[in-house]
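Biologist: I have the model open and would like to go through it with you. Shall we take the whole chain, then single residues?

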Amino acid sequence: MNRLYHMTLSPYCRKVRLTLAEKRMEVELVEERYWEKSNDLMRRNPAGKVPILRYEGMLMTESQAICEFLDEIAPEPRLLPQDAMGRYEVRRLCSWFDDKFNAEVSGPIMNERVWKKVRKEGYPDSRTVKGGLAAIKYHIDYMDWLLNERRWLAGDMMSLADFTAAAHLSCLDYISDVDWNRSRNVKDWYAKIKSRPAFRSLLADQLPGMRPSPQYAELDF
């Protein structure tokens, strides 16, 4: 069986897991404490990062590249539009969440509130957390603006852009750091994504020593 080396609350790993599940491609999930930089990890990916997909004996890295590869070899249901402009918009939004949103929101908050605890690196820095919580308001407002004109983030079809955004937001939702009341559009969009069969395994995730928020696994939240 193909294998995915991942970490439970990594948005990049979740993005790949959602893509695999949406396409009904089974993999064995293997948790990798990537910050320990084990010899096995460094052999699999010299960059020392997850996710790493072992597919038919080949090791594949970088979440966006993996997801686009999966969309090519298993094109139904399609997660990248067939037209060039549509693919551009999906890729633009994937970069928005994987780069800008992660740098301003999910990265700082998750590092301070989750990974410091897991790695036993001390207490969270409250200023960093507050900065991330302030920044998420801007991003939710931007998503609200997009969803005012579109059925999904990148257009009329659900796409990899939606899975990328949901992967980041689901990590924050695990620790109850998303104000879903800020935008009805965004809350309804997340409810649609959350109710898909592909999301089920994510909603069953449990990080040892850290229980999910009460609404995390609720479809009607």
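Biologist: How much accessible surface does the protein have, and what share of it belongs to carbon and sulfur atoms?
Modeller: This is a predicted model, and its accessible surface is about 10,900 Å². The share that belongs to carbon and sulfur atoms is 49%.

Biologist: What percentage of the residues counts as buried?
Modeller: A residue counts as buried when its relative accessible area is under 20%. Of the 221 residues of the protein, the share that counts as buried is 52%.

Biologist: How many helices and strands are there, and in what pattern do they follow each other?
Modeller: The secondary structure consists of eight helices and four strands. Along the sequence the pattern is β-α-β-α-β-β-α-α-α-α-α-α.

Biologist: Why call this fold as compact as a globular protein of that length?
Modeller: The C-alpha trace spans about 50 × 45 × 30 Å along its principal axes. For 221 residues the globule rule gives 17 Å, and the protein is as compact as a globular protein of that length because its radius of gyration is close to that, at 17 Å.

Biologist: What part of the contacts with a separation of 6 or more is between residues 24 or more positions apart?
Modeller: Contact here means heavy atoms within 4.5 Å. Among contacts in the protein with a separation of 6 or more, the part from residues 24 or more positions apart is 69%.

Biologist: How far apart are the mean positions of the positive and negative charges?
Modeller: The protein has 35 positive and 33 negative charges. The distance between their mean positions is 3 Å.

Biologist: Is Glu22 buried or exposed, and which side chain does it join in a polar contact?
Modeller: Glu22 is in helix α1, residues 11-22. Its relative accessibility is 10%, so Glu22 counts as buried. Beyond four places in sequence, Glu22 touches Pro77, Leu79, Met158, Phe163, Arg196 and Ala198. The side chain that Glu22 joins in a polar contact, at 2.6 Å, is that of Arg196.

Biologist: Which residue has a cis peptide bond to Pro51?
Modeller: Pro51 sits in the loop between α2 (39-44) and β3 (52-55). The omega of the cis bond is about 10°, and the partner of Pro51 is Val50.

Biologist: Where is Trp152, and how far is it from Val50?
Modeller: Trp152 is in the loop between α5 (126-149) and α6. With a relative accessible area of 9%, Trp152 is buried. Its contacts beyond four places in sequence include Trp189, Lys192 and Ile193. Trp152 and Val50 are 102 residues apart in sequence, and the C-alpha to C-alpha distance is 27 Å.

Biologist: How far apart are the C-alpha atoms of Tyr190 and Leu219?
Modeller: Tyr190 lies in helix α7 and is buried, with a relative accessible area of 0%. Among its contacts beyond four places in sequence are Ala166, Trp180, Phe199 and Phe221. Tyr190 and Leu219 are 29 residues apart along the chain, and their C-alpha atoms are separated by 9.4 Å.

Biologist: What is the phi of Lys37?
Modeller: Lys37 is in the loop between β2 (28-31) and α2. At 41% relative accessibility, Lys37 counts as partly exposed. Most residues other than glycine have a negative phi. Lys37 has a positive phi, near 50°.

Biologist: Is Glu56 buried or exposed?
Modeller: Glu56 is in the loop between β3 and β4 (58-61), and its phi is positive, near 50°. The cut-off for exposed is over 50% relative accessible area. Glu56 has 64% relative accessibility, so Glu56 counts as exposed.

Notes: Residues numbered from 1 in each chain as written. Predicted model: local features only at pLDDT ≥ 70, side-chain atom pairs only at ≥ 80, totals over all residues. Heavy atoms only, no water. Helix = DSSP H or I, 4+ residues; strand = E, 2+ residues; numbered from the N terminus. Rg over C-alpha atoms; globule rule 2.2 N^0.38 Å. Buried < 20%, exposed > 50% of the residue type's maximum accessible area, 1.4 Å probe, protein only. Areas by Shrake-Rupley, 256 points an atom, 1.4 Å probe, with all protein chains shown as cover. Lys, Arg positive; Asp, Glu negative; His and termini not counted. Charge placed at Lys NZ, Arg CZ, Asp CG, Glu CD. Polar contact = N/O pair within 3.5 Å; in protein donor to acceptor, adjacent residues only side chain to side chain.
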